[in-house]
Amino acid sequence: MSTSAKFPADFHWGYATASAQVEGSISADGKSPSIWDTFSSDPAHSEDGGNTSTATETYTKWQEDIALMKSYGVNSYRLSLSWTRILPDGVAGSKVNKAGVEWYRKVLKGLLEAGITPFVTLFHWDLPQVLQDKYLGFLSSEIVPDFENYARVCYRELGDLVQYWFTINEPNVYSLLGHAIGKHAPGRSSDRNISPQGDSQTEPLIVGHNLLLAHASAVKVYHDDFASSQGGKIGLVVNMLWGEPLTDSAEDKAATEKFLAVYNGWFAEPLVTGDYPALFKEVHGSRLPAFTDNQKALVKGSSDFLAINHYTTNMVRAADSSAAPTTGPLSAFLPGIEIGFEDKDGKPIGPAAGLSWVRPVPWGFGKLLDWAHKSYGLDIYISENGVVCPNENRLSRDEALQDDFRVNYLSTYADQIALKIEQGVPVKSYLMWAFTDNFEWQEGYTARFGVTWIDYQDDCRRYPKKSAGYMRNYFAARLAR
Ligand code: PNW
């Protein structure tokens with residue numbers, strides 16, 4: 001590495017997307033509905049009534065996308081597979097949809113020909129609706145063999161083109177937003193104004209348990225039957241927040257430990273120890289399903305690396321045990337703490353962005369990298385990181401293309417990675433969210449996370465934002481050759 005290089009030559013950088021958020025063409029070539037196709041077809045379920053039916057039309061525009069990405073200088077790209085394109089009937093033993101497989105083969109080959117390494121997520125939340133209808137999806141342990149089968153089909157049909165697999169995206173967010181808060185598919189919650197069904201205290205724990213077992217089973221299949229011939233790596237993607245105690249008091253420090261164990265540790269610690277963090281068990285008591293000894297052995301060591309999606313930092317303080325954070329994914333799930341964006345003097349720890357739950361706090365990212373390295377000791381892949389600029393959706397196109405707020409966010413977060421690599425933290429990738437603006441779940445199309453602006457009024461035409469060029473130059477100057 002030359003002395004000015006900050007990232008090793010084999011460092012992976014680029015952008016990320018997910019099938020339901022970009023593909024569109026939701027009934028093309030034999031695809032069946034996912035829970036997000038169904039859920040978003042009700043306009044009440046998103047900010048602007050948006051749904052998955054067209055998204056950014058990547059299903060038809062994939063060649064243009066690869067060319068654009070190449071012009072951005074990236075060496076890597078993260079995408080996800082739509083289960084319902086590959087196995088429209090969902091269940092184990094059902095027919096593989098050749099047309100769906102072929103589409104992904106074309107995309108993966110196109111990426112490789114452009115010199116871009118694909119990182120492929122098996123499950124980024126778009127569960128087959130048939131499996132939700134049949135046994136309530138991840139609320140049932142029946143999902144485990146069906147997911148294992150789906151994973152095997154993917155390795156068999158696509159694995160010759162893939163060296164990096166992510167099993168499941170953000171099990172914590174899928175559990176909490178889908179089964180406690182109820183704002184994500186399948187939309188279950190204790191709040192009867194939101195859903196006729198659900199129990200926010202127990203269901204996320206059951207769903208989380210089955211997600212971990214599904215993940216670990218899919219990894220076992222890869223390790224046993226594919227890793228030696230295909231030579232890839234595989235692991236889980238966890239959404240992680242950094243939490244900083246509001247004061248030096250023992251109470252605030254303890255509350256912060258609990259916050260980190262419950263949000264980050266819930267899915268990360270079992271990968272290493274085969275069981276939930278002690279603090280997590282303490283918080284949830286008998287509501288938490290227990291792993292059998294065989295399951296512990298299956299889950300322990302089930303990730304070749306730790307993939308982290310990270311967006312922001314919260315200040316944490318101890319609160320009355322009946323209080324719960326009022327914002328963010330943990331609301332109504334973690335009593336006894338309060339979170340916020342102000343320090344003890346009431347000063348904001350970062351400027352307001354275009355979404356209330358994200359604020360730029362680059363030093364928090366640095367602390368998270370240290371903590372994750374110390375806690376789990378695995379190689380770290382940053383699989384998402386990004387921001388929405390203030391008012392971004394209300395700006396004209398020309399204004400939105402000058403996304404200095406994002407330039408600042410992405411470059412200062414990338415600087416933290418460079419710093420931590422220098423200090424010995426094994427960070428292997430920086431995959432930013434997102435390649436283009438896209439369908440942002442309950443925000444519909446109103447939250448624009450992309451480094452590419454999408455004109456939803458004009459055939460989803462793509463326009464590079466300033467950040468795309470900035471990050472190309474950033475890595476051109478810092479990546480060792
Ligand atoms: C992640 N929260 O979701 C997902 O992996 C992406 O699909 C998504 O587009 C991206 O982050 C931006 O939101 C999250 O409320 C959704 O803390 C919500 C939260 C976190 C992550």
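Colleague: What span should the 13 residues of helix α17 (residues 466–478) have at 1.5 Å a residue, and how far apart are its end C-alpha atoms?

Modeller: The model is predicted, so local features need pLDDT of at least 70 and side-chain atom pairs count only at pLDDT 80 or more, whereas totals for chains, interfaces and linings use all residues. Residues are numbered from 1 along each chain as its sequence is written, and side-chain values use heavy atoms, with hydrogens and water left out.

Helix α17 should span 18 Å, and its end C-alpha atoms lie 19 Å apart, in agreement with that expectation. The expected span is 1.5 Å times one less than the number of residues. Helices (H or I, at least four residues) and strands (E, at least two) are DSSP runs, numbered from the N terminus.

Within α17, the buried residues are S467, A468, G469, M471, Y474 and F475; buried means under 20% relative accessible area, exposed over 50%, and partly exposed in between (1.4 Å probe, protein chains only). Their cover includes β1 (12–16), α16 (404–422) and β9, where contact means heavy atoms within 4.5 Å.

Strand β9 (residues 427–433) contains S429. This serine counts as buried because its relative accessibility is 0%. Its side chain reaches the backbone oxygen of I382 at 3.1 Å. Such a polar contact is a pair of N or O atoms within 3.5 Å, one able to donate a hydrogen and the other to accept it; residues adjacent in sequence count only if both are side-chain atoms. Residues up to four places away in sequence aside, S429 touches F11, H12, I380, Y381, I382 and I417.

Elsewhere, helix α9 (residues 203–225) packs with two helices. The axes of helix α7 (residues 143–158) and α9 come within 9 Å and cross at roughly 35 degrees. Axes are lines fitted to C-alpha atoms, for helices over the stretch in contact, and angles run from 0 to 180 degrees between N-to-C directions. From α7, the residues making the contact include F147, A151 and Y155, and from α9 they include L213, A214 and Y222. The axes of α9 and helix α11 (residues 250–273) come within 11 Å and cross at roughly 35 degrees. There, P204, L205, G208, L212 and H215 of α9 meet W266, F267, P270 and L271 of α11.

Finally, V96 sits in the loop between α4 (83–86) and α5 (98–113). With a relative accessible area of 15%, V96 is buried. Beyond neighbours within four places in sequence, V96 contacts I86, L87, V101, V153 and R156.
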